[in-house]
Amino acid sequence: MDTRIQLAEPAPPDLAPPASPQTGQAVRETLEDYTLRFAPRSYRRWTPMVVATTALGGIAYMADFSIGAGIAMAHGTGNALVAITVAAALIFVTGLPLAYYAARYNIDLDLITRGSGFGYYGSVLTGVIFASFTVIFFALEGAIMAQGLELGFGLPLWLGYAVSTLMVIPLVIYGMKALSKLQVWTTPIWLLLMVGPLLYLVATDPDTVDSFLAYAGTDGEGSLNTASVLLGAGVCLSLIAQIGEQIDYLRFMPPKNRANRRSWWTAMVMAGPGWVVLGAIKQAIGVFLAVYVLSEVGPAAATEPIQQFRGAFDAMMPSWLVVPLAVVLVVISQIKINVTNAYSGSLAWTNSFTRVTGHYPGRMVFVLVNLAFALILMEADMFSFLNGILGFYSNCAIAWVVTVATDIGVNKYLLKLSPHAPEFRRGMLYAVNPVGVTAFTAASGLSIAMYFHAFGDTVQPYSPVAAVVIAAVLTPVMAIATRGRYYLRRSDDGIPVPLLDAEGNPSAVTYDCHVCRQTFERPDLAACPAHDAVVCSLCLSTDKAGDHVLPAAPPAPGSRS
């Protein structure tokens, strides 16, 4: 069947069926922030640095202070700092290719994952992993805010959990336009409140630095050892999935060209893998502040950011100002990150649900689902067993991110077995690609088994290392074994205009989707096998009968699009 269309010939009116109510809802809700689809050039009007500032605003979370403090309480400052550094280096290396692909091709991490070894339905598994990440960290940040509200206003924790959950709903409804304004305007206040106390303590009481460096942990040992470093790094590596939230902003980067090349690369690196630099600094600050307040509040409360900053502000502020400032810092931080958690989580849940069911329920449905799951975790007091949750979860997150990063860096650029340009459209991809699915399943399964002592206590701390190594090795091995044949179900999408323009950016040529009758840019469309017309990616996803899905036409093994 000839599926190619003529650029100058739109679909005849009688071939365009009326848009269904569901399609109309999908169009209305996704055109604001392009949920589930390519972000078009016509919408991406922000400069690279505005996108970077917005993305970095989302890492204002307080969990880093708790994570760093928790590792130090268990293993001492030396082991904590080495663990933080090791984890940060790995997160940076794996995050770079993912951030580049998102900024260059303007798609989110789920769409990148589809074409980077997982397949159209295979990436549903990792979509759920990422959605779970947003739930866990929303609950963690909500718990931290509730601690602040309890200290500042005497609000019971259970009520504080509810307040911290409900207050983000109005902010997350409007997508990128509202979030960009929120993040840009609140970031300077947040930075001042976070960095000011640390600089004051170091400048006025240098002995705090000596106490910080000498802290040996609650067991009194604290000497550097591999097991402690790896256990601590495993907790830090639970944050590796944060790159997915950074990418939800980076997909709105403008096209890269000669005029903006320097600012484009700077913004991409800063807001992509560069988030972990600030994250690692915050974790180290968490260690410092926990040691500083330890004698006053005890090891359990020392991991709570509200107690850390209350103690720091107490050293430099009038007593009447201490608690209000600490509460303001916690509330600003919680709002900045949890609007991102709710936003990114809703995208991930919606993506997975729409592909599996062929039904688009609306992103706001999954905003509420995400918040409900997070509230349940908060009410279950997840903060009290935080490190256990993060240590387990990190194995899944590491396996996923390392698999995708390896597919981009090795299979695409070195082996040339994976298509160079990312593909995400239904009909163009196989349902499941054994390359990524096998590597991810083996890496996460074996590392989780190690984490739960299935292979003995000696190797248990090495579960994060196992996740990295297995994913990094199996991904190219599977690509070679399958000769890259399961990446593309077909190489021709039936549209004569090239997918990329002369500068390698996604084409801005537009077509009208003959199902929803909306105009979309070239990368978001594929030809319809039944009509001389094109169909957008979301209408393809919701096509339960498959009438608009192109038939299989496998490319030659090893070919690149």
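Predicted model: local features only at pLDDT ≥ 70, side-chain atom pairs only at ≥ 80, totals over all residues.
Start with α6 itself. Its 30 residues reach 42 Å from the first C-alpha to the last, close to the 44 Å expected at 1.5 Å a residue. The helix runs over residues 124-153 and is mostly covered, with 23 of the 30 residues buried.

Two packed helices are described by the angle between their axes and the distance between the axes. For α6 and helix α12 (residues 242-250), that angle is about 95 degrees and the axes are 9 Å apart. An angle of 65 to 115 degrees counts as roughly perpendicular, so α6 is roughly perpendicular to α12. On the α6 side, Phe 130, Phe 133 and Thr 134 make the contact, and α12 brings in Gln 242, Gly 244, Glu 245 and Asp 248. By type, these contact residues come out as two nonpolar, three polar and two charged.

The pairing of α6 with helix α15 (residues 305-314) has an angle of about 50 degrees, with the axes 8 Å apart. The two helices are therefore oblique to each other. Here α6 contributes Ile 144, Gln 147, Gly 148 and Leu 151, and they meet Pro 305, Ile 306 and Arg 310 of α15. That set splits into four nonpolar residues, two polar and one charged.

In soluble globular proteins, nonpolar side chains tend to be buried together. The largest nonpolar core in this model takes in 138 residues, and Leu 98, Phe 137 and Trp 400 have the most contacts inside it. Helix α16 (residues 319-357) supplies the largest share of this core, 16 residues. Phe 137, once its neighbours within four places in sequence are set aside, touches Ala 63, Ile 67, Ser 238, Leu 239, Asn 338, Asn 341 and Leu 390.

Most residues other than glycine have a negative phi. Arg 483 has a positive one, near 55 degrees, and sits in the loop between α20 (463-482) and β1 (510-512). Arg 517 also has a positive phi, near 65 degrees; its place is the loop between β1 and β2 (519-521). With a relative accessible area of 47%, Arg 517 is partly exposed.

Notes
Residues numbered from 1 in each chain as written. Heavy atoms only, no water. Axes fitted to C-alpha atoms, helices over the stretch in contact; angles between N-to-C directions. Helix = DSSP H or I, 4+ residues; strand = E, 2+ residues; numbered from the N terminus. Parallel < 35°, antiparallel > 145°, perpendicular 65-115°, else oblique. Contact = heavy atoms within 4.5 Å. Nonpolar A, V, L, I, M, F, W, Y, C, P; charged D, E, K, R; others polar. Expected span 1.5 Å × (residues − 1). Buried < 20%, exposed > 50% of the residue type's maximum accessible area, 1.4 Å probe, protein only. Core = buried A, V, L, I, M, F, W, Y, C linked by side-chain atoms within 4.5 Å.
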